[in-house]
Structure formats: C-alpha cells, structure tokens
Amino acid sequence: MKGSDRLRRLASYGLVAAIAVAAISCNEAHPNTTLTPHSDLGREIDLLWDRLLLLGTIVFILVEAGLIYIVFRYRRRDNQGMPPQTHGSTKLEIAWTLIPAVVLVFIAVPTVRTIFITQAQAAPGSLNIDVTGHQWWWEFRYAEYGVTTANEIYLPVGRTVNFRLRSADVIHSFWTPQLGGKRDVVTNRTNYLWYTPDSSTASSVWNGFCVEYCGASHANMRFRVFTVTPQQFDSWIAGQKMPARFGAVGPAAPTGGPIPPPLEGATVTTAGGPNAPTQTAQAAARGVAQRSSGTGAEGGTQPAVPRGQNPEANPGAQAGVKGVTPSVASGAATSGALPAGYIFPRENIPDYAVPHAPIPGDLKFTAGLTGNAQRGKQIFSGAACIGCHSIAGNPAALGVTGPNLTHVGSRSTIAAGRFPNAAAYLALWIKNARKMKPDVLMPTLGMDEYDPILKAKVTSATGGLTDQQIADIVAYLTALK
C-alpha cells in the first residue's frame, strides 16, 4: 500500500508540473523569445537547438526506459538468494563506449556546421554598424554614412547587417533575442555578429539587452531595434545625416509647452500603483512621434514637413547629403523614395517595447513651467552638458563621453531604454539622473538635489540648474529631430 500511495503522490506532482508547463507554453505574449527567430542567423541556431533537443529527448527516453526496466525486472524479491556476480565484460564495455561516441557524433557534426556558418564573415555589401558598449548605454555608428546614434538601431529588412562589437569599459554582451545570437562585447578585441532581418519583419520593433553583468545598472542597459523597409531606412539615414532641425544656426526658436502634469509631483496613483508610468505620460511620449510622423493627436493626419524641405531649419540641406541621392535628400518625390527624416511612428510601437520603469517617489518637478528652446540652447551650450554630448549644428557641443544628441528628440526612449522619451521624464532625468538610474556617469544637475554618488547637494557654484532652466533645456532637446 505504501508503494501505491507513493506512486499516486508522484503522479499528482507530475500532473501539476505538466499543467504549469502547458499554461506557460500557451501564453501568447513572448516578445523576447528566441524560439521564433526572424533572421537567417536566428534560424540556424534554432535549427541546431531543435535537433539537439530531439536527440537529447530520444537519449533520455531510452536511458530512462532502460533504468525503469532494470529496476522492476531485477528488484529484490522475497526468498531470493544472491544473484550471479559478474566481474568484467568486454562486450558490455565496448558497447557503453561506442554508444556515447555515436551519440556525440550526431551532436558534434551539426554543432560544428552551425559554428562555421555563424562565425563566417558577413557577405559583401553588408550594412556595417560599429557597436560600442558603455556603462550603461549603447552607441551605434553607421560608418559608411557618417551617422552616430544611441540606444536605437534602424535596420533595412532583407539586407545583411554586420555588427562590429567593442566595449569602452567593462565586458558587455549584445543580444536581440528574436533576431540573432548573443555575442560578448569586450575591450581588447573586436567581435562580430551578422544577420539578415526577414522581409516580413518590416515595421517591427525588437527589444535588445546587455546580457553580461556589467555593474549596478546592468539591467537598465537596453536598446531598441527597428526593422524597416529599404526606402524607410534610406529616408531615416538621410535625416540623421542632417544637422538637428533646431541647431546653433536657424530660425526663431520654438517655445515648448508646459511640462506634462503627470510627473510634476512624481507620486502618481494609477492602475499600476504609485509611481507607475501613467497613461497621460505614455500619451505624451507617443505624441512626440505622432508629430514627427504627421499623425495628429486626435487620430487624424496632418502634413509633416520633412527635414529636407525646410532649409531654414536645416542649414546646408539643399546642398545634398553624401551617400544619399539629391532627390531623397531634398525631399523630392521619386519612384519608391521617401522624404528625408523618416521616424518610426511611436503610436505603432507595441507595449512590450515601451518602458514602464517606476519614478523615484521623492523626485519632484515644479508644476506649470513652460520651456523656451532658444533659451535652452544657450543654457545647454554654456553648461557642463557640452563636455559629454555632441550635437551636429551646435559648435559648442562636441563631447564624446555621453550619447550623441543630434536627433535625440526623434528617439522613443531615454536612459538606454529605461524611460519613454517625453518631456516629463526628460526633465526628471536632467534633474537627477542618478536617482533615475543607479550609478550613471551623468551628474546630478538639479539645484538642491542630493547626488547619491558625490553624497552632496548640488548648488549654483557646482553648476546646479533651476527647474525653469531644466524646462528650457527640455524644450531645446525635444526640438532636436
């Protein structure tokens, strides 16, 4: 009776485990799975995984079946004497040596084949992107186009992209689960990773991560990959090659609206609980892209002015853009071409690619402030910001320590994917980045804010900025499209 009770108990445990596995498998939301690859490299790795899983399952079933048979066939019985004792068997020893060797051949051959495929050089004509890992953000440089951006990659579908991976500090690891395999990013050598996004992935967004522990904000070191059509990619590149829409030279500066109210007091109660990103804040974040893509906030459409068609806001735009046909650079309509300055519509970004990080409850911002971009440019150009950041078109901003901000207003996130790129989040980030993201290099700039690394309050003598000055800088940065 004891044996049957034990079997029933084990069977019930197994049933519960099977139900749990089935429930997890039926969950349709797996945006970061590696089991649905969308590139040639991903499929090679997935094929190897499927084959090894099949072979491993067969070996497991055979071994377990043999064990179960032996346990029941040769179990001890009542009134049974000592069974025959066998010492040494040449045939048996040869058999249990050859069987694992044959199994290893079936594992080794496809594994070595996949290694040779994935480690081969990228095909000629590939799009080369230099990737540099920093604590804790990603720098992406399209060398052949002279474009540098941060934390967001645009890839044309159907074209092989070759990532040249380096680190500026510690070991990182570059991974976009649904597109390609993980690859380490180290300081003393360049690693390579290539893949070709499937043509079916046009107008898609993918999450990317650092998957090698690299310090306190390792989990906050993320990026986004936008796979777009070749025409959209050409348009995006053309826009990225131009100076920012609002640069050091240009028309009268726009005046930004007031900082959105949801984050004025940071402590906001929503369906997600206190300090969760609010729906209004998300709407503000999406509104930036709606204006960029020509989609009105009310759901209608309005004509967007491409960068190439506004020479006052883009000094030198009419002279053409190196590497892009003059018709595309100037925004002229061509067969299959788009005006310069394509930006992935933020309203089309799925929820899994929208950050939902909480905001520090003790981080506040003055309500009702309206920023002025012209004033913000002057403050930015005379503050410590220019020592770390560069902006094409602003001769004062030549820093290389932090992300390139030339087109920061067109990006969907800030802080390496930790927060949506909306004025409310950007204001708090400038005020006290080290509260928003632990141990970041960017100093605390808000007046009277406590810097958790320096363990001191920021004062005017140390370059502290008032909330109004921060609002002005936010107006300037959000205008950089």
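These are my notebook entries on a few parts of this structure, which is a predicted model.

**Entry 1: the whole chain**

I began with the overall counts. The chain holds 10 helices and 16 strands. Of its 481 residues, 44% are buried. I also looked up how far apart in sequence the contacting residues are. Taking contacts in the chain between residues at least 6 apart in sequence, I found that 67% join residues at least 24 apart.

**Entry 2: helix 2 and helix 3, one by one**

Next I turned to two helices. Helix 2 (40–73) has 34 residues and spans 49 Å from its first C-alpha to its last, close to the 50 Å expected at 1.5 Å a residue. Helix 3, residues 90–118, has 29 residues and reaches 42 Å between its first and last C-alpha, close to the expected 42 Å.

Which residues of helix 2 are buried? I noted Leu41, Gly42, Asp46 and Leu48. These buried residues pack against helix 3, strand 7 and strand 8. In helix 3 the buried residues are Pro110, Thr114 and Thr118. Their packing partners are helix 2, strand 7 (180–185) and strand 8.

**Entry 3: how the two helices meet**

I then looked at the pair together. The axes of helix 2 and helix 3 come within 10 Å and cross at roughly 175°. Angles over 145 degrees count as roughly antiparallel, so that is how helix 2 runs relative to helix 3. By class, their contact has 11 nonpolar, 3 polar and 3 charged residues.

For my own reference, I listed who takes part. From helix 2 there are Leu41, Glu44, Ile45, Leu48, Arg51, Leu52, Leu55 and Val59. They meet Val103, Phe106, Ile107, Pro110, Thr111, Arg113, Thr114, Ile117 and Thr118 in helix 3. Leu41 and Leu48 are on my buried list for helix 2 as well, and Pro110, Thr114 and Thr118 are on the one for helix 3.

Thr34 sits in the loop between helix 1 (2–26) and helix 2. Its relative accessible area is 36%, so Thr34 is partly exposed. What does Thr34 touch, leaving aside its neighbours within four places in sequence? I found Asp46, Trp175 and Pro177. Asp46 is one of the buried residues of helix 2. Thr34 and Asp46 are 12 residues apart along the chain, and their C-alpha atoms are separated by 7.7 Å.

Is strand 4, residues 152–156, enclosed or open to the outside? I see 5 of its 5 residues buried, so strand 4 is largely enclosed by the rest of the structure. A reminder to myself: in a regular strand, side chains alternate between the two faces of the sheet. In strand 4, Glu152, Tyr154 and Pro156 point one way, while Ile153 and Leu155 point the other way.

The partner of strand 4 that I traced is strand 10, residues 222–228; the two pair in the parallel sense over 5 bridges. Glu152 has Arg224 of strand 10 as its bridge partner, and Ile153 stands opposite Val225.

In what sense do strand 2 and strand 3 pair, parallel or antiparallel? Strand 2, residues 137–142, pairs with strand 3 in the antiparallel sense over 4 bridges. Tyr142 stands opposite Val147 in strand 3.

Definitions and conventions:
Residues are numbered from 1 along each chain as its sequence is written. This is a predicted model: local features need pLDDT of at least 70, side-chain atom pairs count only at pLDDT 80 or more; totals for chains, interfaces and linings use all residues. Side-chain values use heavy atoms; hydrogens and water are left out. Two strands pair if DSSP finds at least two bridges between them. The expected span of a helix is 1.5 Å times one less than its number of residues. Buried means under 20% relative accessible area, exposed over 50%, partly exposed in between (1.4 Å probe, protein chains only). Contact means heavy atoms within 4.5 Å. Axes are lines fitted to C-alpha atoms, for helices over the stretch in contact, and angles run from 0 to 180 degrees between N-to-C directions. Angles under 35 degrees count as roughly parallel, over 145 as roughly antiparallel, 65 to 115 as roughly perpendicular and the rest as oblique. Ala, Val, Leu, Ile, Met, Phe, Trp, Tyr, Cys and Pro count as nonpolar, Asp, Glu, Lys and Arg as charged, and the others, Gly among them, as polar.
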